[in-house]
Each structure stands twice: as C-alpha cells, then as structure tokens.
Amino acid sequence: MSGFNYCFTDLPDHVRTQCAAYLRGGIDAVAIIESDANITNYASASAWQTAIDAEKVKIVHDVKGEFPDGSAVTGENPIGCGNETVIDGFDYVLNIMDFNVSADNDTFYSTVNGRQFYIAFRLCNEGQILVVEVPVTVQASQANIPMSNKEKQRYNVVFSWSGDADFKFDRYTEPAGIFD
C-alpha cells in the first residue's frame, strides 16, 4: 500500500482507567516559565522555588482555565497515492480568565503580552501539573469591564503554541506548595 508512513515505532499499550477514576477538567493556576529557568525536575518543589527566587517563574494563581482540542495543521501529502493531505502538527491554545484585576496585574499582563515562554498548569483536584516546553506565545488584553456592576472584571488570556503531530504534555506530580 503506497502512501503509508513506514517510520513506525512499536505502539504503546492503551491503558484502561480503573473504577471510573477518570481525570476531570478545570485549571486553576498557570506558571509562566522563562526558557532559561533550568527546572530539571518539575515534580520538585525546591527546583521550582529556586526558579521562582531567581525570578525565572511567575505563578498566576486563582484562575479559571480550559484547554480545548487542538486544531490539526495539514499539508499536502508528498506521495501520489493515498490521502490528499497529511497531518503536519497541531495548533493549541490554553484559555484562562483571571479575575484578579488590579493595577499591578495590568502591568504584569502588558509586560508578558506578545512574549514567548514555557508554561505549566495545574489541574484542579488532580494533584498534577502539565508542562509545555515549546515556545508559547501569550496574548493578554487589558481587563474587560462589563456593563453591569453585578459582573466581575477579568483578564482573558490566551497561551498559544504549535506542536508536531506527536506532541504530548509532560505530566508531573504537583510540587507541594508551589501552585497553592
């Protein structure tokens, strides 16, 4: 069969979740990590604290976030037989709403806006963080101000990046006390 990718590696096992212990959604903290932070063990609280003390990491606490499905990036299949297009990678976004509106945070978001970092984010009540060690662009507009005084002001922040077709998060046990 022409058109297949013959660069196979052994397929890993698919693991069934036991006793309906499915992971749930919700993101409540994001770490913005300078690319030279040199965190070698993301599960280590002391490694994180060293990077925080060196001002190479900033933790954004008490946010509400989601990571929707990535968007496939396709390109022309270079082989004449088979599908017309192949998957070249995916574009990803992490969306957060940050209700911690203040003059200090106005400055924070205007400073990180448009820059690239690595990121990590904590999954609510799962004891895990997910780390993205590819360049992630921050898109942060100033806080929105709703018409009603019954609604809260918030920053809407988008973290975006592209990954190869085999991109996956690195999952780590949440380092104690860092994302609290």
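Of the 26 residues in the largest nonpolar core, which touch the most other members? They are Leu-94, Phe-121, Phe-159 and Trp-161. The model described here is predicted.

**The nonpolar cores**

Strand E1 (27-33), strand E2 (57-66), strand E4, helix H2 (103-112), strand E5 (116-123), strand E6 (128-140) and strand E7 each supply at least two of its residues. Strand E6 gives the most, with five residues. A separate core of 16 residues lies apart from this one, and its members include Ala-31, Ile-33, Ala-47 and Ala-51.

Phe-159, one of the residues that touch the most other members of the largest core, can be followed through its contacts. Leaving out residues up to four places away in sequence, Phe-159 touches Val-30, Ile-32, Tyr-92, Val-93, Leu-94, Ile-96, Ile-119, Val-136, Thr-137 and Val-138.

**Aromatic rings**

How many aromatic pairs does the structure hold? There are 16. One of them joins Tyr-92 and Trp-161: their ring centres are 5.7 Å apart and their planes meet at 25°, so this pair is stacked. A pair counts as stacked when its planes are under 30 degrees apart. Tyr-92 belongs to strand E4 (residues 85-98) and Trp-161 to strand E7 (residues 155-164), so the pair links distant parts of the chain, 69 residues apart. Tyr-92 and Trp-161 are both buried.

Ring pairs connect Phe-67, Phe-90, Tyr-92, Phe-121, Trp-161, Phe-167 and Phe-169 into a cluster.

Which residues have a positive phi although they are not glycines? Ala-20 is one, with a phi of about 55°, and Asp-62 is another, also at about 55°. Ala-20 lies in the segment before strand E1, whereas Asp-62 lies within strand E2. The table sets out their location and accessibility.

| Residue | Location | Relative accessibility |
|---|---|---|
| Ala-20 | segment before E1 | 52% |
| Asp-62 | strand E2 | 60% |

Are these residues buried or exposed? The cut-off for exposed is over 50% relative accessible area. Ala-20 has 52% relative accessibility and therefore counts as exposed. Asp-62, at 60%, counts as exposed too.

Conventions. Residues numbered from 1 in each chain as written. Predicted model: local features only at pLDDT ≥ 70, side-chain atom pairs only at ≥ 80, totals over all residues. Heavy atoms only, no water. Phe/Tyr/Trp six-rings, centres within 6.5 Å; stacked < 30°, edge-to-face > 60°. Helix = DSSP H or I, 4+ residues; strand = E, 2+ residues; numbered from the N terminus. Buried < 20%, exposed > 50% of the residue type's maximum accessible area, 1.4 Å probe, protein only. Core = buried A, V, L, I, M, F, W, Y, C linked by side-chain atoms within 4.5 Å. Contact = heavy atoms within 4.5 Å.
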